[in-house]
Amino acid sequence: MNRQTHRTERGGRIDRSAPLAFTFDGVRYEGYRGDTLASALLANGVRLAGRSFKYHRPRGIFAAGGEEPNALVRIGEGARAEPNIKATQVELYDGLTARSQNRWPSLELDVGELGNVASWLLPAGFYYKTFMWPGSWWRFYEHFIRKAAGLGRAPVEPDPDHYDRRYAFCDVLVVGGGPAGLMAALTAARSGARVIIADDAPALGDSLLASTASIDGGDPMGFVSRIGEELASCPNLRVLGRTTAFGYYDDNMIVAVERRADHVPAPPAHCPRQRTWWIRAREVVLATGAIERPLPFEDNDLPGVMLASAARTYALRYGVRLAGRAVVFTNNDSAYEAIEPVLDAGTDVIAVVDAREGGPGGDALALLQRFEIELIPGSVVMRAIGRTVEGVEVRSLSSDGASVGDASRRMPCDFVFVSGGWSPTVHLFSQSRGRLRFDEERAAFVPEEGAPRERGGRERSAGAARGLVRLSECLADGIAAGADAARAAGFEAEAEPPCPAVQEWEDCAPVRALWAVPLPSWRHGKRFVDLQNDVTVADIELAVREGYTSVEHLKRYTTLGMGTDQGRTSNVNGLAVLAATLGAGIPAVGTTTFRPPYSPVALGAVAGREVGIDQTPIRRTPMHDWHAARGASFVTVGPWMRAQCYPHPGESMMDAINREARQVRRSAGIVDVSTLGKIEVRGRDAGEFLHRVYINRIRNLRVGRCRYAFMLREDGFVLDDGTVTRIRDDEYYLTTGTGHAAVVMAHLERYAQIVWPDLDVHLTSVTDQWAGAAVAGPRSRDLLAAACDGADVSDAALPFMGCKDATVAGAPVRIIRMTFSGERAFEVHCPADYGVHVWEALLAAGEPFDVMPYGTEALGVLRIEKGHVVPNELDGRTIPADFGFDRMEKDEDFIGRRSLERFRVGGRKRKTFAGLVSENGDAIPRGGHLVWNPTAPRPMRMFGHVTSSCYSPSLERHIALALIEDAADWKGRVLYAASPLTSSFVPVRITDHVFIDPENRRPKG
Amino acid sequence: MMLITCPWCGPRAHVEFTYGGDATVARPAAPDAVTAEAWLDHVYLRDNPRGPHDEWWQHTSGCRSWIKVRRDTWTHRVHGSGPPEANLGGDEHR
């Protein structure tokens, strides 16, 4: 095992007493608790971390935080493997396995690197140009391009972990746990406001954990501990660690993902792997910090080129010794702060190349003198030399920044620490519709403040997120922002924390804007702007020559700022290069739109608990367990589970369905109809209301009578068919189709509350309060008579479409005599808790008649034989007249009536209802289209379609229901039901849609 | 996620509500009395304004009330809400 050869003797916020073993590309290494994968790799001297997206160039670790563009790895194995994870954000744990990506066969030897040699084939927009001809070859090209380009591979196994979602509310949400965020949270919490602080790191502090300043006369880490303790003691404050706020949505809804278990090999059983937080905040403080920019020079992507802030962080926070000689290349003073820490850690800083002619401020200069480090002012690193960095070429930079001098100087070195200035992390601010302003002095886009705006949330930025650089400024700004947010949320900050005393460099020189090192025209090296997407300065210039001059077009054409990185380190340089190429100012070019998510979010975290069986709620009837115990198979109907059929042991499903259907026609069957939508309508005007809702007359419906009725949408199409039963003068009981209950309820509520508020109507959904069982068959009345505790259920007492209250085995029931099967039938409704009791009592009473439970399949067969309609027919495109139900339409206003007019004035011929009988004994394909001749050339005319189909055990033939143009004229003729999808073409004879008992004697007998 | 104030329940996330369309159109009291064009307009034609607009929402996962909400279709800002008969300050009703 590698022994951490590049670790300092002491220092850093790692726990040296807790060594952890891990593997990278199969090689075992060791790190410490507190390491990231990136810091542990560096501590083991690993320089190569990945291959680049397009050219497969070798890449090293470039950053120390979430801005890392290069070191994307696949973590874990098997189903838990997750690709494209930034090594800089992976907390090391014992047994971690990581693999590099986008290389074959290995990281050291990658065949794809040929792409680098042949890079002239892959200019910006190459997939629109290079591989286009001949067109038929594209499939061949695509296979290899897709394989060569790209990031890691996602696992194919189902995710074994579970995820969670939580909703939270607070007065002040602080995003970011750095200096400004800590002070803002503390200030707001002291005011009494409910505060949440979300920080994406495992421990608070962010830049304070790698700072060279001193606070209140001590170490910044001590300061962080003190603040952390006070925050932990606030009952009104919640710290969300390892939590990344990734989306800022309407009305101050911020969504964040908390990584609960990514720092351990596998989550404990009780623990979700990740959890999304949906936080509704009154006020928000965005203390999201800033990202250091690179400086594009030739081959600035070689392993060994690293952000200066990263070098400082690895030295101070992780005790990593970047062994060898380093050159610092900067255009601002912050890079100098890395020098002392890396020297302490054992790096030999040989020179600082500063783009500014005057060099840095006095403090930085004193530092160089103290350590006798050469300063090369007014100069740039032209080029990095080697396969990994072996040296740099330095030249002077003209005062206009447009060209470099002729004299070149080579310096051997192993690292280049670069700093191109700082870009505030404005993603959330922009998502909140905040506008950005280009600050020339800071050479950065900063939040536009104070401008009233119509869109967006109630947020304020603080600290580095609004362009501040100095620690003292950031701390003070955090206090101000926290107090402002608390006040805006209605709290008065009573004891604002005093601003800590900071010792830091005072004498600093301003940044010199440098977006790309100029390249003499005779040189062709690659200056990478976007390391993750392999976009170079030349790519941007090419895009401009080809007319992609808008920043949004440029992004899509070159892929600048795309991928998982979303331009963290590349955005500003990219658009500045665009502006320079166009000869325009940076503000005129503007930025691309920042959209959520700020960083990639696992789909599991988005789905939360709503996966698999929990995707939607499942509703079960009160008799569900009874069905299950009798071996019923179930089918989903809308939100419901319904018993489909009850196969006997050894019996096929088809046989069970035929047996159940036959038994209903022969004697008696019982079916669970608890899933019907049930609505209670009460009030003085209940009858008048329903009269307006249904196409039927309802006003004249007598108490104790029931009516089959249709309701339409306002456009004339059928919304639902159901029954209306008048229970009392001012009380009605409606049933709706199983899947339609919610829609019908909302429809009725809409008309009662909005259109006719003057009517005294009260609507209550009672679907869950009533269980229902339908008893059907020639012996159903005998069964009922036996079950009903002596109640009279004769034709006289309970005629067809009548209703009466009774008891079954002592339980109150409401009996409605109606039929779906076409047999004599009764629906027995009872309070849901009596469901099983009544169901079993009915079965017991039916024993002499061989009563049999039947499921939805047999129910479907029976209703098709009878020609009754269900949503297959009422599909939102049909009107009552299509089924001959226009006879129910009254000559008074009802919802949808006026729209029916348009179907009467002509236009397209409507399809009407008919039956089909299979001519050759084959099943008629559901959804099949009716054609004259299936072998005719296509497209062929279609006369109609099959809506429902079954095998009829009564007729012993395959039958179907259909909607057909001119159905009446075609009766008796043969068409073909064509289903090219299933290659079935069945000759069918058109018949009447009622196959059984056309005179309708059985239900009434 | 928008915040809508139900006049009966208070401010709630919009996922508790169901959108119900344009609240500036009213069903003709006597549909037979209006022209075919007017009926067509009522059933099918809706404006798509940019800016404040009266809309129907139903508090489906709450009190089930249909409410009128004045919402800016551009900024998503809710300017007011009330029962169906409320006048929320819009003058675009027809």
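Student: Which residue stands opposite L96(A) in β7(A)?
Tutor: That is F22(A). Keep in mind that this is a predicted model.

Student: Okay, and how do β1 and β7 of chain A pair?
Tutor: They pair in the parallel sense, over three bridges. Strand β1 of chain A covers residues 15-24.

Student: What about β5 and β7 of chain A, parallel or antiparallel?
Tutor: Antiparallel. Three bridges join β7(A) to strand β5 of chain A, residues 72-75. In β7(A), S100(A) is the bridge partner of V73(A).

Student: Why is β7 of chain A largely enclosed?
Tutor: Strand β7 of chain A spans residues 96-100, and four of its five residues are buried, so the rest of the structure largely encloses it.

Student: Let's zoom out. How many helices and strands are in chain A?
Tutor: Chain A has 25 helices and 50 strands. Its C-alpha trace spans about 115 × 75 × 60 Å along the principal axes.

Student: How much of chain A is buried?
Tutor: Buried residues are 52% of its 1005 residues.

Student: Which residues touch the most other members in the largest nonpolar core?
Tutor: V172(A) and V416(A). That core holds 175 residues. Helix α11 of chain A, residues 471-488, gives the most to this core, with nine residues.

Student: What does V172(A) touch?
Tutor: Leaving out residues up to four places away in sequence, its contacts include A188(A), V195(A), R282(A), E283(A) and A485(A).

Student: New topic. How many residues does each chain bring to the contact between A and B?
Tutor: Chain B brings 20 and chain A brings 19.

Student: Which elements of chain B each supply at least two residues there?
Tutor: β3 (18-22), α1 (36-44) and β4 (52-58) of chain B.

Student: And how do the residues on chain B's side divide?
Tutor: Nine are nonpolar, seven are polar and four are charged.

Student: What confidence does the predictor give?
Tutor: The complex gets an ipTM of 0.97 and a pTM of 0.90. Chain B averages a pLDDT of 93, and 96% of its residues score at least 70.

Notes: Residues numbered from 1 in each chain as written. Chains lettered and ligands numbered in written order. Predicted model: local features only at pLDDT ≥ 70, side-chain atom pairs only at ≥ 80, totals over all residues. Buried ≥ 20, exposed ≤ 12 C-beta atoms within 10 Å, placed from the backbone. Contact = placed C-beta atoms within 7 Å. Nonpolar A, V, L, I, M, F, W, Y, C, P; charged D, E, K, R; others polar. pLDDT = per-residue confidence, 0-100. Pairing = 2+ DSSP bridges. Core = buried A, V, L, I, M, F, W, Y, C linked by C-beta atoms within 7 Å.
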